[in-house]
Each structure stands twice: as C-alpha cells, then as structure tokens.
Amino acid sequence: MASSRADPRGADRLNIVQILSPTVAGGLERVVESLAIGHHRRGHRVTVATLILKSTRQHPVIDALRGEGVAVEELRTGNRDYLGERAAVRALLRDLKPDIAHTHGYRRDILHRPVAARLGIPTVTTVHGPSMMGGLRGAFFEWLQRRNYRRFDAVVAVSQALHEETLSDGVSPKRLRFVPNAWGGHDHLRPLPREDARAALGLSTDARVVGWVGRLIPVKGGDVLLDAVRRLPQDRLKVALIGYGPELDALRRRTEEYGLEEVVRFYPDIRDAGRYFAAFDAFVLSSRSEGLPLVVLEAMAAGTPIVATRVGGIPEALDDDSAFLVPPEDPEALSHAIDEALGDSSQANLRALTAKVRLEQRYGLDAFLDAYEAVYRAII
C-alpha cells in the first residue's frame with residue numbers, strides 16, 4: 001500500500017489520533033487502516049485508539065496496524081462503562097497532545113468529540129453510512145449522531161449522496177467535505193489465487209459461486225439475498241455468505257425454511273474477507289442503504305464481477321458498463337442480475353475489467369490521503 005508522496009518529517013508533521021471501536025469486520029475498519037497506515041508511511045505521527053470490551057480477544061485490525069509500525073492503544077472498558085471509556089480517552093489525549101482527534105462510529109462520535117473539544121483539540125468525523133440497526137434505541141442513537149455532526153470542526157462524507165444528506169442535517173458547507181473511500185492494496189489483504197481461495201472456503205472448482213460479504217445486520221440485506229437465491233437454478237450453485245452479526249441465526253433459519261442448506265454456506269469466523277474474492281464468480285451486494293462500501297472496492301480490485309443495489313454511493317462508483325445494478329428491496333431483479341452474471345461470463349468479466357480500471361482511476365490511495373491531510377490542516 002505504498003504511497004508516492006514525500007515524507008513530511010519536521011515542521012509539517014501531523015500528530016493524529018484515530019478513535020474507533022472495531023467490529024468483527026467492516027468497511028469502517030478498512031478506512032481507518034488506510035488512513036493510519038498511509039499517513040504513518042508518509043511520516044506523520046499516528047496513534048489508533050481502539051475501544052474494546054475487557055472480555056474481547058485482540059482484534060485483527062490491531063495486528064494489521066502494528067505489523068505496519070502504527071502505534072495502537074488498546075483501551076478496554078465494560079460494555080456500558082461510558083464514564084470509564086471517556087476517562088481513558090481523555091487521559092490518552094492529554095498524554096499525546098494530538099493536532100487532530102478523528103472519531104469513527106456513532107458511539108465514538110457522541111462520547112469522545114466533547115472530550116477532545118474540551119482539551120482544545122480539533123475534531124473530525126467520517127460519515128461512513130447509516131447502520132440502521134433498527135428499534136427505538138438504534139433510531140435514537142443515529143438521530144443523536146446526525147445532530148452531533150454539526151459540532152465537529154470538520155465532517156467528511158464518503159459519497160455524494162451522504163454529502164447531500166449530511167448538509168440536510170444542518171452541517172455547515174464550510175465544515176463538510178466529500179472524500180470518497182480508497183483502495184490501497186493492503187498488503188495483508190492481497191487476494192488469494194482462485195484455486196487457493198476456493199480450497200480455503202471448501203468450495204469445489206466446478207461450482208458456480210456467489211459471494212456475499214458484510215455485517216449481518218438488516219441494512220445489509222442478507223434476507224434479500226436469500227430471497228433472490230431461492231429463485232435461481234440450483235445446479236452447482238454455492239453461496240458463500242461471509243460475515244457475522246446479530247442476524248446470523250435468523251438468516252440460518254431462513255436458509256432452512258427455503259431449503260437452501262446445501263446451497264448457502266455461512267462463514268462467520270473469517271477475517272480479512274477481501275482475500276477470498278477470487279473464489280467468486282460474482283460478488284453480490286444486496287444492501288438497503290450504503291455509503292461507499294469498501295467491499296465493493298475490494299471486489300473491483302480483485303476483478304470479480306459485481307451485482308449490487310443502486311443505493312448510496314454505489315452508482316457513483318459503478319454503472320451498467322462496470323456492474324449489474326438493480327433496485328434495492330427487489331429480490332426478483334437481484335435474482336435476474338445474478339443469473340445474468342453467472343450465465344454470461346465473458347460479459348461479466350468485461351464489466352469487471354471496466355470496474356478495475358475505474359478503481360485505479362478514481363479511488364487511488366494518494367488522492368485519498370492528500371484529501372484527509374487537507375481536511376486536518378484546514379482546522380488546526
């Protein structure tokens with residue numbers, strides 16, 4: 001993931017703290033990896049503060065960051081120990097005296113922006129996209145986070161759609177920036193060769209494989225995927241559903257109800273799913289809402305044909321020449337698109353090649369790192 005920009009050691013060196021609570025796997029974590037590793041390689045002082053439960057094993061993102069020489073501070077607290085968490089972040093910020101505190105995720109935004117602000121540290125957040133966890137509690141926290149955006153010194157939206165939505169939340173245009181996510185070819189995520197990827201997933205070489213990667217939460221549309229799959233011809237079809245989350249048991253029950261036990265395989269324990277994209281004949285994103293998901297950029301980088309819903313930043317990254325795009329919440333259309341991608345490999349591979357070229361032209365790492373450096377420097 002090497003960057004071509006000059007090393008800014010000396011007076012121009014930034015002192016940056018990234019604050020997040022890493023989930024099992026997700027695009028937010030990949031964005032933080034790209035920022036932290038990229039800016040560290042440019043010579044900035046970067047510290048990643050990870051908020052993790054005391055009972056949780058070490059997260060793989062920590063190993064990835066430390067493997068690249070990035071400083072990581074593991075702040076372990078109880079599940080609802082908000083005061084303890086804020087005290088730990090406050091102590092860290094006082095010690096490090098950073099130029100920038102960059103938070104990710106609604107809990108970190110809500111809890112730790114005020115901590116940094118009271119210490120006189122400029123604050124930044126990235127709008128990654130709605131999680132739509134559902135229920136009154138989830139809706140309340142999402143509302144609170146959106147109201148909180150206007151209090152940051154800078155807010156970054158990862159898609160034009162999110163940019164417009166965040167403007168409507170009352171964030172000043174002077175504080176809001178659009179910076180699309182980037183794919184920097186993380187060394188530990190280099191795709192496995194097709195045969196190795198299939199062997200690792202326990203898939204035969206002659207299977208027609210549909211891949212799906214994401215958190216198992218309602219907004220990601222795992223249920224829409226299964227509704228689409230049951231409409232497909234089952235001959236040699238395998239669906240690799242990689243991800244973990246609160247909907248895992250419900251999706252497994254739905255798989256049994258549809259009689260798809262021999263077709264759909266769940267992989268809740270796989271980390272670094274981007275390494276397995278070469279195993280797929282088609283990658284499917286069935287989301288109800290999105291920002292600019294890193295899994296799409298991973299699929300583009302791997303040259304895997306993409307079937308995706310037209311939501312959020314997806315139509316900004318892909319069009320009908322580079323992917324098979326369908327409306328959200330439409331299992332029938334999704335099924336037809338998957339069938340088309342699997343049935344015409346030459347056309348699917350041509351679109352995948354177009355997507356890969358687009359990735360290289362529009363979503364390079366250097367422009368991404370430059371943009372965030374400009375955001376940081378504008379508020380210090």
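**Close-up 1. The lining of the second largest pocket in this predicted model draws its largest share, three residues, from helix α13.** The model is a predicted one, in which local features need pLDDT of at least 70 and side-chain atom pairs count only at pLDDT 80 or more, while totals for chains, interfaces and linings use all residues. Residues are numbered from 1 along each chain as its sequence is written, and side-chain values use heavy atoms, with hydrogens and water left out. The second largest pocket has a volume of about 160 Å³. Of the 14 residues that line this pocket, the closest to its centre are Arg 194, Asp 281, Pro 305, Ser 345 and Asn 349. Two or more lining residues are given by each of the elements α12 (331–343) and α13 (345–362). Sorted by class, the lining holds seven nonpolar, four polar and three charged residues; here Ala, Val, Leu, Ile, Met, Phe, Trp, Tyr, Cys and Pro count as nonpolar, Asp, Glu, Lys and Arg as charged, and the others, Gly among them, as polar. A pocket is found on a 1 Å grid over the protein atoms alone, as an open set of points where a 1.4 Å probe fits, with protein on both sides within 12 Å along at least five of seven lines, and its lining residues have an atom within 4 Å of a point. Grid points are joined across faces, edges and corners, and the volume is the space filled by probe spheres set on the points. Helices (H or I, at least four residues) and strands (E, at least two) are DSSP runs, numbered from the N terminus.

**Close-up 2. Ser 335 lies in helix α12.** Ser 335 has a relative accessible area of 7% and is therefore buried, a term that means under 20% relative accessible area, with exposed meaning over 50% and partly exposed in between (1.4 Å probe, protein chains only). When its neighbours within four places in sequence are left aside, Ser 335 is in contact (heavy atoms within 4.5 Å) with Ala 228, Arg 231 and Leu 232.

**Close-up 3. Six strands form an open sheet with parallel pairing, in the order β10-β9-β8-β11-β12-β13.** The edge strands are β10 (264–267) and β13 (324–326), each of which pairs on one side only, and the twist averages 20° from one strand to the next. Two strands pair if DSSP finds at least two bridges between them. Within this sheet, strand β11 (residues 282–285) and strand β12 (residues 306–309) run parallel and are joined by three bridges, and Phe 283 has Ile 306 in β12 as its bridge partner.

Close-up 4. Most residues other than glycine have a negative phi, and most peptide bonds are trans. Arg 236 is placed in the loop between α8 (222–229) and β9 (237–242), where its relative accessible area of 42% makes it partly exposed. Glu 329 is placed in the loop between β13 and α12.

**Close-up 5. Seven strands form an open sheet with parallel pairing, in the order β3-β2-β1-β4-β5-β6-β7.** At the edges stand β3 (71–77) and β7 (176–178), each with a single partner strand, so one side of each is left without a neighbour in the sheet. Neighbouring strands of this sheet are turned by 20° against each other on average, direction ignored. Strand β2 (residues 45–53) pairs with β3 in the parallel sense over seven bridges; among the partners in β3 are Val 72 for Val 48 and Glu 74 for Thr 50. Helix α3 (residues 82–96) packs on the sheet, touching β1 (15–20), β2 and β3, and its direction makes about 155° with that of β3; axes are lines fitted to C-alpha atoms, for helices over the stretch in contact, and angles run from 0 to 180 degrees between N-to-C directions. β1 and β2 also pair in the parallel sense, over six bridges, and Ile 16 has Val 46 in β2 as its bridge partner. Seven of the nine residues of β2 are buried, so this strand is largely enclosed by the rest of the structure.

**Close-up 6. Gly 69 is found in the loop between α2 (60–67) and β3.** Gly 69 counts as partly exposed, at 44% relative accessibility. The C-alpha atoms of Gly 69 and Ala 371 are separated by 23 Å, and these residues are 302 residues apart along the chain.
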